[in-house]
Amino acid sequence: MPPVPLSVLDLVPVSSGSDAPTALRNAVELARAAEEFGYRRYWLAEHHLNPGVAGSVPALVIQAVAQATHDIRVGSGAVLLGHQTPLSVVEQFGILDALYPGRIDLGLGRSGRPRTAPPAPESAEGTFTDEGLYLPPRFTGFAQLLKSPRFRLQLGLLQQPGAQAPAYEEQIADILALLAGTYADEDGTAARPVPGAGADVEVWILGSSAGESAEVAGARGLPFAANYHVSPASVLEAVEAYRAAFRPSGTLAQPYVAVSADVVVGPDDESARRLAAGYAPWVRSIRSGEGAIPFPTPEEASAHQWTDEDRELVADRVDTQFVGAPETVTERLNALQKATGADELVITTITHQHADRVRSYELLAHAWQKQA
């Protein structure tokens with residue numbers, strides 16, 4: 001059987017010594033290359049107030065990428081609900097679909113709301129699945145991270161004062177109804193966005209745990225993307241919860257799962273490790289609540305003075321980043337696919353030099369396709 005498709009998740013990273021305009025131009029160039037290499041889709045993430053990430057408005061970057069490419073699907077990974085209304089999301093993606101019909105994905109996420117997954121047993125040690133996939137100890141700092149001054153400021157700037165966002169499930173229902181052209185309020189007054197109603201966008205739900213996102217995706221019969229690269233310890237719980245909740249829909253007759261992974265591929269293992277050296281301090285900046293720093297050079301990364309607390313803060317992410325020669329990374333991605341039963345893998349790669357990032361995607365694509 002041929003290997004499952006590979007797709008791209010781009011955070012539009014800003015490298016140290018560079019700037020946001022360069023990062024955005026790099027995103028367009030990488031999308032062109034990804035299309036040439038055979039990747040199925042190209043997703044843009046949403047992040048705010050991060051000096052090292054320029055993709056703050058996915059719809060705008062999607063437009064630039066879609067215009068510069070031909071056939072590759074382009075979408076959000078994800079639009080964070082709570083920062084805007086269902087109508088504004090549908091209108092944005094309705095315009096994108098009108099301009100680039102049949103190519104737009106609308107990935108939806110929850111924007112840092114409290115997690116609703118049931119608590120899982122804590123373990124001081126990671127485990128390996130039978131397929132060889134590493135599941136690290138659960139990171140327990142998300143709640144504290146959401147209380148950081150930067151996150152409070154972000155929420156204050158992104159949400160209208162005094163506004164109370166509807167429940168996540170209700171937001172998803174509204175988006176689906178607006179897209180279908182069937183929305184009506186409690187009084188029966190219809191709303192039909194133009195463009196938007198009838199748009200041929202592919203709606204996805206993204207999630208990191210066995211909580212509300214997985215359950216809503218399953219109950220609505222939508223495809224689900226599980227974030228191994230964000231929360232590797234809970235990836236199996238997330239896909240299992242999605243499949244358990246799945247009900248066939250007009251969109252899907254059976255569950256469809258994509259799973260993400262952080263990847264850096266080089267000509268050999270040693271070269272790849274050098275290219276990935278900036279990842280640990282970059283993750284530390286996010287996990288500490290400072291916001292993503294511009295991605296460091298290998299030399300800047302080696303100069304970082306690590307404390308035990310720092311190492312603990314990033315261990316689960318560093319230990320689950322797939323770094324190495326094409327054969328090394330392919331083997332680990334196969335383990336991820338088999339353990340999760342993923343129908344598709346979504347690859348996110350960051351290196352300091354843009355050319356190294358493009359080359360990483362190229363090396364991976366060639367090695368992956370050789371398995372066919």
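Colleague: How many salt bridges does the predicted model hold?
Modeller: Side chains of opposite charge can pair when their charged atoms come close. Here a pair counts when a side-chain nitrogen of Lys or Arg lies within 4 Å of a carboxyl oxygen of Asp or Glu. By this rule the count comes to 15 salt bridges.

Colleague: Which parts of the chain does the salt bridge between arginine 41 and aspartate 105 tie together?
Modeller: The closest N and O atoms of arginine 41 and aspartate 105 are 2.7 Å apart, and the two residues form a salt bridge. Arginine 41 belongs to strand β2, whereas aspartate 105 belongs to β5 (residues 104-109), so the pair ties together parts that are 64 residues apart in sequence, namely strands β2 and β5.

Colleague: How many residues apart in sequence are the parts tied together by arginine 284 and aspartate 310?
Modeller: The side chains of arginine 284 and aspartate 310 meet in a salt bridge, with 2.9 Å from N to O. Arginine 284 sits in helix α10 (residues 279-287) and aspartate 310 in helix α12, so the parts that the pair ties together are 26 residues apart in sequence.

Colleague: What is the relative accessible area of aspartate 310?
Modeller: Buried means under 20% relative accessible area. Arginine 284, at 18%, is buried, and aspartate 310 is buried with a relative accessible area of 10%.

Colleague: What separates glutamate 362 and arginine 359 along helix α14?
Modeller: Glutamate 362 forms a salt bridge with arginine 359, and their closest N and O atoms are 3.0 Å apart. Both residues are partly exposed, glutamate 362 at 22% relative accessibility and arginine 359 with a relative accessible area of 41%. Because they are three residues apart in helix α14 (residues 354-369), the separation is about one helical turn.

Colleague: Which residues do salt bridges with shared partners join into one network?
Modeller: Arginine 41 and aspartate 105, whose salt bridge was described above, both belong to this network. The residues joined in it are Arg40, Arg41, Arg73, Asp105, Glu202 and Glu344.

Colleague: About how much accessible area do Leu49, Leu153 and Leu157 have together?
Modeller: A residue needs over 30% relative accessible area to join a patch, and leucine 49 has 43%. Together with Leu153 and Leu157, Leu49 forms a nonpolar patch on the surface, and their accessible area together is about 310 Å².

Colleague: Is valine 12 buried or exposed?
Modeller: Valine 12 lies in the loop between β1 (6-10) and α1 (20-37), and its phi is near 55°, a positive value in a residue other than glycine. At 0% relative accessibility, valine 12 counts as buried.

Colleague: What is omega for the cis peptide bond that joins valine 194 and proline 195?
Modeller: Proline 195 is found in the loop between α6 (168-180) and β8 (202-207). The peptide bond from glycine 77 to alanine 78 is also cis, with omega near 15°. For the cis bond joining valine 194 and proline 195, omega is about -10°.

Colleague: About how much space lies in the largest cavity?
Modeller: The model has one cavity of 30 Å³ or more. The lining of the largest cavity includes Phe139, Phe142 and Arg287, and its residues divide into six nonpolar, one polar and three charged. The space in the largest cavity is about 40 Å³.

Colleague: Which element supplies the largest share of the lining of the second largest pocket?
Modeller: The second largest pocket has a volume of about 380 Å³ and is lined by 20 residues, with Phe139, Thr140, Gly141, Glu312 and Leu313 nearest its centre. Helices α4 (142-146) and α12 (308-319) each supply at least two residues of this lining. The largest share, five residues, comes from α12.

Key:
Residues are numbered from 1 along each chain as its sequence is written. This is a predicted model: local features need pLDDT of at least 70, side-chain atom pairs count only at pLDDT 80 or more; totals for chains, interfaces and linings use all residues. Side-chain values use heavy atoms; hydrogens and water are left out. Patches are made of residues with over 30% relative accessible area and no salt bridge: like charges are joined within 9 Å, nonpolar side chains (Val, Leu, Ile, Met, Phe, Trp, Tyr) within 5 Å. Accessible areas come from the Shrake-Rupley method with a 1.4 Å probe; for residues, only the protein chains shown count as cover. Buried means under 20% relative accessible area, exposed over 50%, partly exposed in between (1.4 Å probe, protein chains only). On a 1 Å grid over the protein atoms alone, a cavity is a set of points where a 1.4 Å probe fits but cannot get out, and a pocket is an open set with protein on both sides within 12 Å along at least five of seven lines; lining residues have an atom within 4 Å of a point. Grid points are joined across faces, edges and corners, and a volume is the space filled by probe spheres set on the points. Ala, Val, Leu, Ile, Met, Phe, Trp, Tyr, Cys and Pro count as nonpolar, Asp, Glu, Lys and Arg as charged, and the others, Gly among them, as polar. Helices (H or I, at least four residues) and strands (E, at least two) are DSSP runs, numbered from the N terminus.
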